[in-house]
Each structure stands twice: as C-alpha cells, then as structure tokens.
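This briefing goes through selected features of one structure, grouped by topic. Please keep the sequence and the 3D view open while reading.

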Amino acid sequence: MTTAEETGDAGAERRSSWLADLRGLLDRPLTSYHLIVGVSGLLLTLGIAMVLSASSYDSLENYGNSYTMALRQLMWVAGGIPVAFVATRLPLRLLRAFTYPMMIVAFVLLALTFTPMGVEVNGNRNWLSFGGPFMLQPSEAAKLALVLWGADVLARKEKLLQHWKHLVIPFVPGAGLVLALVLGQRDLGTSLVLFSLVLVLLFVVGTPMRYFAMFVAVVGVLVTYLAITSAYRMRRLVSFLDPFADYSNTGWQAAHSLFGLGTGGWWGVGIGNSREKWGWLPEAHTDFIYAVIGEELGLVGTLVVLGMFLTLAYVGIRVALRTEDTFTRLATAGIVGWITAQALVNMGAVLGLLPITGIPLPLVSYGGSAMLPTLFALGLLVSFARREPAARAALEERATNRAASRAAARARRKSSARHDEG
C-alpha cells in the first residue's frame, strides 16, 4: 500500500524531472531563435484572425465588405515578412552605418506632421497624408530609429561613458528632440513608449540612478503640463478611474472594454461572436483588440497573449546577456523594452488599469505603420539570436553536416551512374 509520504516523493520527483526537461530545452543553443520565430508567428496569426473578427462590422459599414480591413492586414503582414527576413541577414556593420540616416529621416517625418501634410486623428496630430488613402504614422518608425541610433551611439562611446558628458551627449538631446516632437503631436501613449526604451538603453549601459531620477522628473513635468492644459485630454486621462461616472462620453470606450472582458468569462464566447464589436466598442480592431480577445477567447486567451509577450521579453533578456557585442546587447534591450512597454500600456488601458493613450497592441492590432517597423525589429532579434556564440556554432555545424550530406549524395549518384554505364 502506497503511503502519503511515498506519493509526495513521487510527485516531487516528477516535478523535478519536468523542471530538468524544461531547463534542458531552454539550454539548447537555438532556443532563443526558435522562441522568437515561434512566438512572433503565433501573434501574427492570432492578429489576423482577431482583426478579421473585430473589424467585420466597421469594414461592412465603411467599405461594404466585411473582409476589407482583414485583407489589408494580411497584405501588411505579407509585406512585412520579407522585411523581417532582410533584417535577419543584415551585417551589423551595414546596419550601424544606417542608424544616423534613419534618425534624420525620423526627425524629418515627425517635423512634417506640423505642416499641412499633418493629419489629426482622435485629437493627436501624428499622421502624415501623402494623398489618397495612403497615410503614415512617423512615430512608429521613430521608435525603431531611436533604438538603433541610441544603441550605436552608446556602443561607440562605451569606454568614455564613465564621464557624464559622454553619457548624455548626443544621446539624450537626440532622444529629447524625438520626444518633444511626439509630445508636440499630443501623442502621450507613444511618448511613454519612447521614454521607456530610452530608460532601458540608459539602464543597460550603466547610468547612475540619480540621472534616472532627473530624466523621470523632467518627462513627468512635461506630461503633467500637457495633461492639465487640455480639458479633453484631462477628462480622458482620469476617466479610467471610474469610466461609469461619464459613461455616455469619455467613459464609453473604457466601459465597453470592461463589458467585453466581463462577458468573455474564462473561455470566451468564441471567435467571431463578440457583441461589443458591433458598433459598441470604438477602435475594436486597433487600440482595443485585446478587449475583443478577452470577450471571444476569455481570460485564458488574454493570459496566453500576455504570456507570449512576456516570453519575447524573456528571450530578449537572454540574448542580451549572452551576446559579446555591446551594440547587439543595447539594440536587443531597446527593442524588447519598446515592444514590451507598448504591449503592457495597451493591455493596461484595456483592463482599466491605465489611462487610455491610443497605442496599438504590437503584431496583433490593425495597422501597417506599426506592423512594418515591429517586424523589422523582430527580424533583428532573430539575427542577434543567431549570433549567440552557442547558436553560431550549432548553425555552422548544421551547415557543415548539410554540405557533407549533399556531397555524399552527389558521390552516390556518380557511382550509380558509372555502375549503370558499365
């Protein structure tokens, strides 16, 4: 007869074996590479499915076809995958050579939003119109440019960063100009994401905490000033505390987000069965797609999505810690800080934990301006993961084995041909 003590020992042994197997999987040289590709692919697939569901009503109302927005999303994903593939093959020297041109282009595009080319959407003047239906949101490309430029500048000055002047100049003024332009567009959500990735870069490079306090204080004052000087923005920022206090006005979106999440329960009402997307929840296919995920896939679905973003964060930290190149470490940390911060700010707004700031959920929300830079950044992460010392050795061994196999196959074919001739 099995005693309770023996049962407990068996359970502990099974858990220990499971943890050992998990450690073994994580210690494989190509784990980072496989996780980035796998999680990104799952998020893109989920995004296409959820955009199809969440945008069906708006597509039908605006275009007479329920599939219009979903087909556009599929087009952007199809166009972004080759962009990501190119990023995986870019030599570091070439990538770093383009960081300053990318930053200059980002400055110019951000500045153009203050000209007649700029278009105001939902209170933010953060879009550029090039005529016809084509519009661009420059702040999305600015995130990528700032990460790569900042990583390059700080990596080049690595041996001089113990002096505060080299730590600050030119990175902080350059980042401050980008932030000022985005704040001038009244885009607080993107400003928070940009500020987050700046802090990540400064933290990874070893900035003393007193400088962090100074940066946070300056940005905090700017954000507070912009909030209190706009009555509309102030109402939107505080409505998350009690969306039902002004339910028919500023609280409408937050309230219906909570309705959708509450309706979903544990397992959701099923893909395609959301009620909130039928004109009740504004921006259901963009900023509030996470609420539709909660309604259709339930709490389990939202936790899975959260888990995938946290997995990307884990892989990014893993790659940053394992790399021997300073630029790669900083760029990896910046990309992960950007994507993770944006995802958490979006989810926090949907859950009513943060004010509504109007930023999309990376890889999942509808939109091409955000999709292409994000896929390029993920392509770079794949490239960095392939450059891990153990991963590089494993890939070289795999290439050698494949070459040997092809040579052996050619030799067998030649031998067989000579035998047939004889």
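Two residues are taken to be in contact here when they have heavy atoms within 4.5 Å of each other. The model is predicted, and the points below should be read with that in mind.

**Thr374 and Leu363**

- Thr374 has its place in helix α16, which covers residues 368-386, and it is buried, with a relative accessible area of 3%.
- Once its neighbours within four places in sequence are left aside, Thr374 is in contact with Trp338, Ile339, Pro362 and Leu363.
- One of these partners, Leu363, lies in the loop between α15 (326-350) and α16, where it is buried with a relative accessible area of 5%.
- Leu363 also has a positive phi of about 70 degrees, although it is not a glycine.

**The nonpolar core and Phe171**

- The largest nonpolar core has 93 residues, and among these Phe171, Val305 and Phe384 touch the most other members; the largest share of this core, twelve residues, is contributed by α14.
- Leaving aside neighbours within four places in sequence, Phe171 is in contact with Leu146, Trp149, Gly150, Val153, Leu154, Val198, Leu201 and Leu202.
- Ile169 and Pro170 are joined by a cis peptide bond with omega at about 5 degrees, and Pro170 is placed in the loop between α8 (164-168) and α9 (171-184).

- At Leu297, α14 bends by about 130 degrees.
- In the loop between α13 and α14 lies Glu283, which is not a glycine but has a positive phi of about 55 degrees, and which counts as partly exposed at 27% relative accessibility.

**Aromatic rings**

- Nine aromatic pairs are found in a search of the whole structure; in one of them, the rings of Tyr247 and Phe259 have centres 6.3 Å apart and planes at 55 degrees, so this pair is tilted.
- Because Tyr247 lies in the loop between α12 (231-238) and α13 (252-264) while Phe259 lies in helix α13, the pair ties together parts that are twelve residues apart in sequence.
- Tyr247 counts as partly exposed at 30% relative accessibility, and Phe259 likewise counts as partly exposed, at 32%.
- Phe244, Tyr247, Trp252, Phe259 and Trp280 form one aromatic cluster.
- Elsewhere, the charged end of Arg72 sits over the ring of Tyr63, 4.7 Å from the ring centre.

Notes: Residues numbered from 1 in each chain as written. Predicted model: local features only at pLDDT ≥ 70, side-chain atom pairs only at ≥ 80, totals over all residues. Heavy atoms only, no water. Phe/Tyr/Trp six-rings, centres within 6.5 Å; stacked < 30°, edge-to-face > 60°. Helix = DSSP H or I, 4+ residues; strand = E, 2+ residues; numbered from the N terminus. Buried < 20%, exposed > 50% of the residue type's maximum accessible area, 1.4 Å probe, protein only. Lys NZ or Arg CZ within 6 Å of the ring centre and 35° of its normal. Bend = angle between axes of the 7 residues up to and from the residue. Core = buried A, V, L, I, M, F, W, Y, C linked by side-chain atoms within 4.5 Å.
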